[in-house]
Structures are given as structure tokens and as C-alpha cells.
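I opened my notebook to follow one group of side chains.

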Amino acid sequence: MLDKSLYLLVILLAVSIAAFAGGKEGKVSGVISGAHCGVEGMACSATHDLRRAELPGIFTKDNKFYVLSNVPQSFLAQWPVKDVTVEGMVYEKDHGVYAKKISLKDGDKWRTVFEDGNIIDDMGHKEKLATAVEMDGKWYCANCATMHNQGMKK
């Protein structure tokens, strides 16, 4: 367990360092999955809890796993095994992406959930990642988080 955690930390560090050299604009598509499953060459199941000791990323159809270097793990973890497309700087050698735009497939349609440093919550509200709020495994704009909190207290 410690070996895998150390391995995941090294991957994250390598991707972060790679964000400064060697990438090119591109797109990565696949499903949101965990690194433990990705290093085994498969996507996690829908019942796999990506919020617990896991490094979520993108698992592609050609069995590659990409880590997103500028998005919190808990942001991706809210959509296990959802179809996703990430646009940004792709560091192919390091299997990393510096995301500029993240889109999820919702039924037959795609919706943007992250763009240029902003999350876009389920209500369509844009919020800077730095001021967005994560509650109970979901990300919200500050106003929606406040309303959610008030509703939970009643």
C-alpha cells in the first residue's frame, strides 16, 4: 500500500514538473478513473470510490492513464466512470494534462464543467477554482454552497 502511494506521489510530482516543459495543445478523451486501476491497465468500476486514497484521472480507450495537474482530485472524483474530454497542454511522455477545458457526457449531450480556471457547477454557475466549495464530494459555486448548507441545517 505504501509502495503504491509513493508511486502515485512520484507520478503527480512528475506531471507537475512536466507542466513547465514538453507539452503541446491537444485533447484527451476517456473515462474518469483511478490511478490504481489505470496502472493495472483498466478503468475502475462505477462502484469504486475515487474519493478515498485514489488519484483520479482519465483512462483512455487505448489503455493510457492521464493525470490532471491543475485540478483537485476531489473535483474529478465526483464523476466516476463518466465519459470525459479534456483540452489543454498534453504531456504525452509523462501522461499528464494541464486542463484548460473539461467536458462530461451527460446522457446524449456534453457539458463543460471546467474552463480557464473556473468550475461550472450543476446549476451552470461559473466560479474560480480558488473560491469554489467542495461539500460532500460535489463542487459548487460559493452561493450554491451557502444555499446547500442552509438547506442541510433545516
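I looked up Phe75 and Trp139, and both are buried. The model is predicted. Phe75 has a relative accessible area of 2%. That is under 20%, so Phe75 counts as buried.

Next I checked how the two rings sit. The centres of the Phe75 and Trp139 rings are 5.9 Å apart, and their planes are at 80 degrees. An angle over 60 counts as edge-to-face, so I noted this pair as edge-to-face. I then looked up where the partners lie in the chain. Phe75 is in helix α3, and Trp139 is in strand β10 (residues 138–140).

How many aromatic pairs does a search of the whole structure find? I got 3. One of them joins Phe75 and Trp79, edge-to-face, with 5.0 Å centre to centre and 90 degrees between the planes. Trp79 is buried too, at 8% relative accessibility. I also found that Phe75, Trp79, Phe114 and Trp139 form one aromatic cluster.

Then I turned to Gln78. It lies in the loop between α3 (73–77) and β4 (83–91). Is Gln78 buried or exposed? I found it buried, with a relative accessible area of 14%.

Which backbone atoms lie by its polar side-chain atoms? The backbone oxygen of Phe75 is 3.1 Å from one polar atom of the Gln78 side chain. The backbone nitrogen of Trp139 is 3.0 Å from a polar atom of that side chain. Leaving out residues up to four places away in sequence, I listed Gly137, Lys138 and Trp139 as touching Gln78.

Methods: Residues are numbered from 1 along each chain as its sequence is written. This is a predicted model: local features need pLDDT of at least 70, side-chain atom pairs count only at pLDDT 80 or more; totals for chains, interfaces and linings use all residues. Side-chain values use heavy atoms; hydrogens and water are left out. Helices (H or I, at least four residues) and strands (E, at least two) are DSSP runs, numbered from the N terminus. Buried means under 20% relative accessible area, exposed over 50%, partly exposed in between (1.4 Å probe, protein chains only). A polar contact is a pair of N or O atoms within 3.5 Å; within protein, one must be able to donate a hydrogen and the other to accept it, and residues adjacent in sequence count only if both atoms are side-chain atoms. Contact means heavy atoms within 4.5 Å. Rings of Phe, Tyr and Trp (its six-membered ring) pair if their centres lie within 6.5 Å; planes under 30 degrees apart count as stacked, over 60 as edge-to-face and the rest as tilted.
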